[in-house]
Each structure stands twice: as C-alpha cells, then as structure tokens.
Amino acid sequence: MTLKPAERQATGEQLAANFERSGLSREQVCEDLEFTEDELDASLELREMVDPVDVWVLRDYLELAVRQAGADPVEYTVLTEEARTEAYKWYVLRDAPQPGTGALPVVADNADID
C-alpha cells in the first residue's frame, strides 16, 4: 500500500491527534508496542521506510487507548477498515496490545472442552 503525500500527511495528523487524545506517554507507547523512539517517530510520521505493519499496530493501539480514556478517536481517512482488508493481501498484520499493559487482547476460545 503506497500512500500519496497528502494521504501521508493526513494519516500522520490523525495518528498524532489520537496519540494526544490517548493521554499516554511516548515511553508507555514504546514499551507496550516494543518500539524504539525512532520506530515510534517513523510510524507517526509515516516515513518512507517505515514498516506498514507497525503503522497499523500503532493505529489500532491508539484507537483502543483513546476509547479507554473515554474519548472518541479521530477517524482515519486512509487507514480505514476497507483499507485493512486490502492490507491483509500484502502484510501479516498483528493485533495491537492493550494500552498501558503491553498484553495482547484475550480472544475467547470457542473450542469444545470435555
């Protein structure tokens, strides 16, 4: 998925707005996502060589964090659910951890237990 300059700018602004709304520190985000400071900056700024999977994880993480803070996240105009469907064709996306814990979300196991 290649973004045009205007799409990069808009997405960067949306990520930054949700980061601010989350109330989390840079240190907490880096710890939870296991990002270095440079990886966080690259993802927030959508630098040329950033891993697209990192951007999706950051997007999802910030959205969760904003909701946990009791606010509504800024909507994404490029990183939409429709775009996620397309991204799955190119990347192996991973789940974002729970903000403030770094733990992956618990998924209910529907397997029959005897």
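A residue counts as exposed when its relative accessible area is over 50%. The views below show a predicted model.

**View 1. Pro-5 in helix H1.** Pro-5 has a relative accessible area of 67% and is therefore classed as exposed. This residue belongs to helix H1. The C-alpha atom of Pro-5 lies 9.9 Å from that of Leu-46, a residue 41 places away along the chain.

**View 2. The largest nonpolar core.** This core comprises 26 residues, of which Leu-15, Val-29, Leu-33, Leu-40, Leu-58 and Leu-62 touch the most other members. At least two core residues are supplied by each of helices H1 (5-22), H2 (26-33), H3 (37-45), H4 (52-68) and H5 (81-90). Helix H4 provides the largest share, with seven residues.

**View 3. Surroundings of Leu-58.** When neighbours within four places in sequence are set aside, Leu-58 is in contact with Leu-15, Val-29, Leu-33, Leu-40, Ser-43 and Leu-44. Leu-58 is also one of the core residues that touch the most other members.

**View 4. Packing of helices H2 and H3.** The axes of the two helices come within 10 Å and cross at roughly 100°. Angles of 65 to 115 degrees count as roughly perpendicular, and H2 and H3 are therefore described as roughly perpendicular to each other. On the H2 side, the contact is made by Arg-26, Glu-27, Val-29 and Cys-30; on the H3 side, it is made by Glu-37, Leu-40, Asp-41 and Leu-44. By class, four residues of this contact are nonpolar and four are charged, with no polar residues.

Technical notes:
Residues numbered from 1 in each chain as written. Predicted model: local features only at pLDDT ≥ 70, side-chain atom pairs only at ≥ 80, totals over all residues. Heavy atoms only, no water. Core = buried A, V, L, I, M, F, W, Y, C linked by side-chain atoms within 4.5 Å. Buried < 20%, exposed > 50% of the residue type's maximum accessible area, 1.4 Å probe, protein only. Helix = DSSP H or I, 4+ residues; strand = E, 2+ residues; numbered from the N terminus. Contact = heavy atoms within 4.5 Å. Axes fitted to C-alpha atoms, helices over the stretch in contact; angles between N-to-C directions. Parallel < 35°, antiparallel > 145°, perpendicular 65-115°, else oblique. Nonpolar A, V, L, I, M, F, W, Y, C, P; charged D, E, K, R; others polar.
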